[in-house]
Amino acid sequence: MANILCTGIATLDIINTVENYPAEDDEIRIIAHEKRRGGNATNTAVVLSQLGHQCHWAGTLANDSDQHIILSELQAFNINYDYCDFQAQGKIPTSYITLSQETGSRTICHYRDLAELTFNAFKKINLQAFDWFHFEGRNIKQTMQMMQWCKQQYPDIPLSVEIEKPCEAICSLFSFADIIFFSQSYAHSLNYTSAHDLCQSIGKQYPEKIISCAWGKDGAGASLQEQYVWQKAVVIKAIDTLAAGDVFNAAMIDQQLKKTSLKSSLQYACQLAANKCQRQGITKLSRRN
C-alpha cells in the first residue's frame, strides 16, 4: 500500500441519463437522475483507494448545502481530506452531465464559482508522508509552484500530472512530472491525430519521462526513452464513460508503484477503464484483470 496525495478539484455531478443525446431544441424525457461526487482528482483517489492505497485529497470546498455529498463519499472510501481548504464564499463546482444510454457518451456543462487551492495552503502539507504526488493540470501558476516545491523538497518521490484540457502555459507543468497523462482532446488541440504522434513528439523532448495518452475506444499509448508501446482497447458496449480517463490514470499509477512494465501497465489500465465503462460510476471496480 502506498500513501498518495491527489491535488485538484472535487465537484458535484448532476447526471441526467437519456435514451439518446438530444438534438438542439429537442424536448426529451430523463430516464434517471442522480447527484454524486465528481472531479478528476477525487475520482483518481477513489479508484486508487479501491486498488489498496491510502489516499489524501488536497483541494477546496465551499461551505454550502451540497458539501455532505462529496465528504460522505470520501469518507466511504477512507480518503483523508485534512488538507481541504474550506471556503467561506463561493459554491461547490457543479457539472451538469447528460449521459446517453445509447452510446455511453457524456456531455458536460460545468459551473465554477470557487477559489482554487493556493500554493501557500499547499506548503502546509507534510509531504514526507507520501509515496506519490498526483496533480490535475489546472490553476496553472499555483500548480506549477506546488509541483516545483514537491520536486525541490522530495525529488525521489514520483510525481504525475494529468493534462486534460488546453489552457495557457499548461506546458510549464511538464518538466516537473515523472509521468504525464495526456487526453485525446488535448492531443487534438495540438493537431495530433494519434497517441503515437503525441507520445513520440513530446517523448523526444522528455525522454526520461513516461508520456501516456489514452485514445478513447481505440486504446492507449505510452513512451519512455523514446520507446513507444500501444495497447488496443477492450471491445465493449459502453454504458457510462464518465471518469474513464481518471480510472485509466489511477490504474497506471498503481502499476508503476508496483514496478510493472510499461506495456503491462497499459494493459491493466485499459482493462480497468473498460470495466468501468460497463457500469455506472467508479465503485466496485475489479482489482485485477
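Student: Is H7 largely enclosed by the rest of the structure or largely exposed, and how many of its residues are buried?

Tutor: A word on the source: this is a predicted model, in which local features need pLDDT of at least 70 and side-chain atom pairs count only at pLDDT 80 or more, while totals for chains, interfaces and linings use all residues. Residues are numbered from 1 along each chain as its sequence is written, and side-chain values use heavy atoms, with hydrogens and water left out. Buried means under 20% relative accessible area, exposed over 50%, and partly exposed in between, with a 1.4 Å probe and protein chains only. Twelve of the 14 residues of H7 are buried, so this helix is largely enclosed by the rest of the structure; among them are Asp246, Phe248, Asn249 and Ile253.

Student: What span should the 14 residues of H7 have?

Tutor: Helices are DSSP runs of H or I with at least four residues, strands are runs of E with at least two, and both are numbered from the N terminus. The expected span of a helix is 1.5 Å times one less than its number of residues. For H7 that gives 20 Å, and its end C-alpha atoms are 20 Å apart, which agrees.

Student: At what angle do H7 and H8 pack?

Tutor: Two packed helices are described by the angle between their axes and the distance between the axes. Axes are lines fitted to C-alpha atoms, for helices over the stretch in contact, and angles run from 0 to 180 degrees between N-to-C directions. Helix H7 (residues 244-257) and helix H8 (residues 262-277) pack at about 145°, with their axes 8 Å apart. Contact means heavy atoms within 4.5 Å, and the residues that make it include Val247 and Ala251 of H7 and Leu266 and Ala269 of H8.

Student: Where is Ser160, and which side chain does it join in a polar contact?

Tutor: Ser160 lies in strand S10 (residues 159-163) and is buried, with a relative accessible area of 0%. A polar contact is a pair of N or O atoms within 3.5 Å; within protein, one must be able to donate a hydrogen and the other to accept it, and residues adjacent in sequence count only if both atoms are side-chain atoms. The side chains of Ser160 and Trp132 are joined by such a contact of 2.9 Å. Leaving aside neighbours within four places in sequence, the residues in contact with Ser160 include Ile253, which is one of the buried residues of H7.
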